[in-house]
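Welcome! Please take a moment to look over the sequence and the 3D structure, and then let us walk through them together.

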Amino acid sequence: MSKQLQTPIPDFSICLAWVKLVSAGFPGSGKTSLIKHFCDSRFSAGYQPTVGADYGFKVFRVDGIDLRVNMWDLSGYPEYLEVRNELYSGCDGVLLTIDLTEAKSVANIDAWMREIAQCCLGSPGQQQQQSSMPDIVLLANKADLKDKRQVTPADAAKAAAKHKLHLYETSAATGEGVDKAFRDLLQRIVQRNRAAWAARGVKME
Ligand SMILES: Nc1nc2c(ncn2[C@@H]2O[C@H](COP(=O)(O)OP(=O)(O)O)[C@@H](O)[C@H]2O)c(=O)[nH]1
Ligand SMILES: [Mg+2]
């Protein structure tokens, strides 16, 4: 065996804990903007609908663990259900976003929760079946547009309680609530996976 091959190549990716997050919710609710704000504190007022799905990642430290947060930003259009169905698979967390300036967005939470459950838990025999639901946060977005608001805090809280979701009022425009929502979600994911990651050799401080 050559000397070169005896020297192991350091694989830094094994030091990181991989986390998969996906976005869900109707087009225009602010999914892409919230992810952009979390990843690089950017906001743009122009609307560019997501086609199918976008992908990005950010390395983010939580409780002494470096996470590689893989983010799948899914289009909310009905015609992309098949794309979403594939990409929900194996996710640790879902960012379910509603638009506070759209009265109907609360009523639509039931349908999104059905979609998430079906796609994540699947039915027996389906390849993408996972054993438990991901951690789902409800991001009630566009909180900065106070005079256009059509969803009361009480209505959002009631919908979140019905589905046992962690609720955050957010604004991708001002950044209100965004970092806290992501950090809390990632902290819960760390708690859920810490033992398994430790067994796999993920670096922890
Ligand atoms: N004022 C305000 N506008 C927002 C906010 N979030 C998103 N938008 C705007 O809403 C539109 C749709 O946002 P986008 O992130 O593309 O929504 P997506 O279709 O759910 O990914 C864009 O014009 C954004 O600039 C927010 O928190 N406040
Ligand atoms: Mg989008």
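The paragraphs below go from the overall layout to the sheet, a helix, the ligand surroundings and one more helix.

A word on conventions: this is a predicted model, in which local features need pLDDT of at least 70, side-chain atom pairs count only at pLDDT 80 or more, and totals for chains, interfaces and linings use all residues. Residues are numbered from 1 along each chain as its sequence is written, while chains are lettered from A and ligands numbered from 1 in the order in which they are written.

Let us begin with the whole chain. Its secondary structure comes to six helices and six strands; here helices (H or I, at least four residues) and strands (E, at least two) are DSSP runs, numbered from the N terminus. Of the 205 residues in the protein chain, 35% are buried. A residue is called buried if 20 or more other C-beta atoms lie within 10 Å of its own, exposed if 12 or fewer, and partly exposed in between, with C-beta atoms placed from the backbone.

Now find the sheet. Six strands make up an open sheet with mixed pairing, in the order β2-β3-β1-β4-β5-β6; two strands pair if DSSP finds at least two bridges between them. At the edges are β2 (53–62) and β6, each of which pairs on one side only.

Inside the sheet, look at β1. Seven of its eight residues are buried, so this strand is mostly covered. Six bridges join β1 to β3, and the two run parallel; in this pair, Trp-18 stands opposite Arg-68 in β3. Strand β1 also runs parallel to β4, joined by four bridges, and here Ser-23 stands opposite Leu-95 in β4.

Next, move to β5 (residues 135–141) and β6 (residues 166–169), parallel strands joined by four bridges. Between β5 and β6 the chain passes through helix α5 (residues 153–162), and this β-α-β crossover is right-handed, which describes a path from the first strand over the helix to the second that runs clockwise with the strands pointing away from the viewer. Val-137 stands opposite His-166 in β6, and Ala-140 has Glu-169 as its bridge partner there.

Which helix gives the most to the shell around ligand 1? It is α2 (residues 31–40), with three residues. The shell has 21 residues, and those that come nearest are Gly-30, Lys-31, Thr-32, Ser-33 and Tyr-47; a residue is near a molecule if its C-beta atom, placed from the backbone, lies within 6 Å of it.

Why is α2 largely enclosed by the rest of the structure? Because seven of its 10 residues are buried. These are Lys-31, Thr-32, Ser-33, Leu-34, Ile-35, His-37 and Phe-38. Their cover includes β1 (17–24), β2, β3 (65–74), β4 (93–99), β5 and α6 (178–200). After α2 comes Ser-41, whose phi is positive, near 45°.

Finally, visit helix α3 (residues 81–87), where Glu-86 is found. Glu-86 counts as partly exposed because it has 14 C-beta neighbours inside 10 Å. Along the sequence Glu-86 and Cys-119 are 33 residues apart, yet in space they are 7.8 Å apart, C-alpha to C-alpha.

Terms used: Two residues are in contact if their C-beta atoms, placed from the backbone, lie within 7 Å.
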